[in-house]
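Subject: Structure handover

Hello,

Here is the structure I promised you. Please open it alongside this email, and then read on for what turned up.

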Amino acid sequence: MSSARDVPLLVTSASSSSEKRITPSWSLSILKAKLEPITGIPPSLQKLSLRLPGQKQVVLEAQDEGITQIGAWPLVAYAELHVSSLDPSSNLAIPPPADVPKYEMPAEIYSSLPDTVLAYKRSHKIGRFDPHASENQELKVNEMWKDIHERNFAVATRCILPPGNDRRGTIASIGLIPELPGEGPWIGVRLDEPTGKNDGTVNGRRYFECGMKHGVFVRPERVDVGDWPELGIGKEDSDLEEI
């Protein structure tokens, strides 16, 4: 059974994504050992990065991983713990076998389980369980539009996508996308290089023109506009590692 002190994090890698409860008293070496079965990356090759909303990415590293506790870093429930490999060849995403059927748990069974994201949100009155959810969501959407206006977002404006600032492109669309979850505006970006998720379409509906994997849709806070020169494949600064 998990400790009351455990913090649920979203563990991601190039080929996996899952929820994991982390005990702050674990050492960094213990955490890496527990992440190996999830990511398939040996502890000696793991590079851990903690991605907190609205903050810069934090790299988890220490001179003595055997005694440095995970609680030394700011652990926030459902923050993203990204695991990359020091072996570049292992960071390539492995698609799941198309012929293997996936098990989908019935909603009523999932809803009855005590140790899930849904149960956590229900007990802490998060999201739709918050009695003020509708009012808070409206304020959040208004803040998104205000951010777009104040930072002079416009179609054809050059931009970068932090953290890392290693992906550059041009804003190609601004607005609502009913096909995507959540309320509020999305920023469609036509990337310089094929590091995106789509070709400017969502569920068959086109929002802008671009090549395959040159398109991505992100929230306004994930975009910084500016006079960023265009990247090209083969250029010195195109060393790269995201609807």
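Leaving aside its neighbours within four places in sequence, which residues is Ser-16 in contact with? They are Val-11, Ile-38 and Thr-39. Please keep in mind throughout that this is a predicted model.

Ser-16

Ser-16 sits in the loop between strand 1 and strand 2. Its relative accessible area is 19%, and the cut-off for buried is under 20%, so Ser-16 counts as buried. There is a polar contact as well: the side chains of Ser-16 and Ser-13 come to 2.6 Å.

The sheet

In general, strands of a sheet pair through backbone hydrogen bonds, either parallel or antiparallel.

Look next at strand 1 (residues 7–12) and strand 5 (residues 80–85). They pair in the parallel sense, over 3 bridges. Leu-10 has Glu-80 in strand 5 as its bridge partner.

Salt bridges

Glu-80 is in strand 5 and Arg-51 in strand 3, so the pair ties together parts that are 29 residues apart in sequence. Both residues are partly exposed: Glu-80 has a relative accessible area of 23%, and Arg-51 is at 24%.

How many salt bridges does the model have? The count comes to 10. Two others deserve a look.

One joins Lys-146 and Glu-150, with the closest N and O atoms 3.9 Å apart. Both lie in helix 4, 4 residues apart, which means a separation of about one helical turn. Lys-146 is partly exposed, at 42% relative accessibility.

The other joins Arg-151 and Asp-224, with 3.2 Å between the closest N and O atoms. This pair links distant parts of the chain, 73 residues apart. Arg-151 is in the loop between helix 4 and strand 6, and Asp-224 is in strand 12 (residues 224–225). Arg-151 is partly exposed at 25%, as is Asp-224 at 30%. Asp-147 joins them: Asp-147, Arg-151 and Asp-224 are linked in a network of salt bridges.

Most residues other than glycine have a negative phi. Which way does phi go at Asn-152, positive or negative? It is positive, near 60°. Asn-152 lies in the loop between helix 4 (133–150) and strand 6 (158–160). This residue is exposed, with a relative accessible area of 60%.

Ala-156 is in the loop between helix 4 and strand 6 too. Ala-156 is not a glycine, yet its phi is positive, about 85°. Its relative accessible area is 58%, so Ala-156 is exposed.

Best wishes

Definitions and conventions:
Residues numbered from 1 in each chain as written. Predicted model: local features only at pLDDT ≥ 70, side-chain atom pairs only at ≥ 80, totals over all residues. Heavy atoms only, no water. Pairing = 2+ DSSP bridges. Helix = DSSP H or I, 4+ residues; strand = E, 2+ residues; numbered from the N terminus. Buried < 20%, exposed > 50% of the residue type's maximum accessible area, 1.4 Å probe, protein only. Polar contact = N/O pair within 3.5 Å; in protein donor to acceptor, adjacent residues only side chain to side chain. Contact = heavy atoms within 4.5 Å. Salt bridge = Lys/Arg side-chain N within 4 Å of Asp/Glu carboxyl O.
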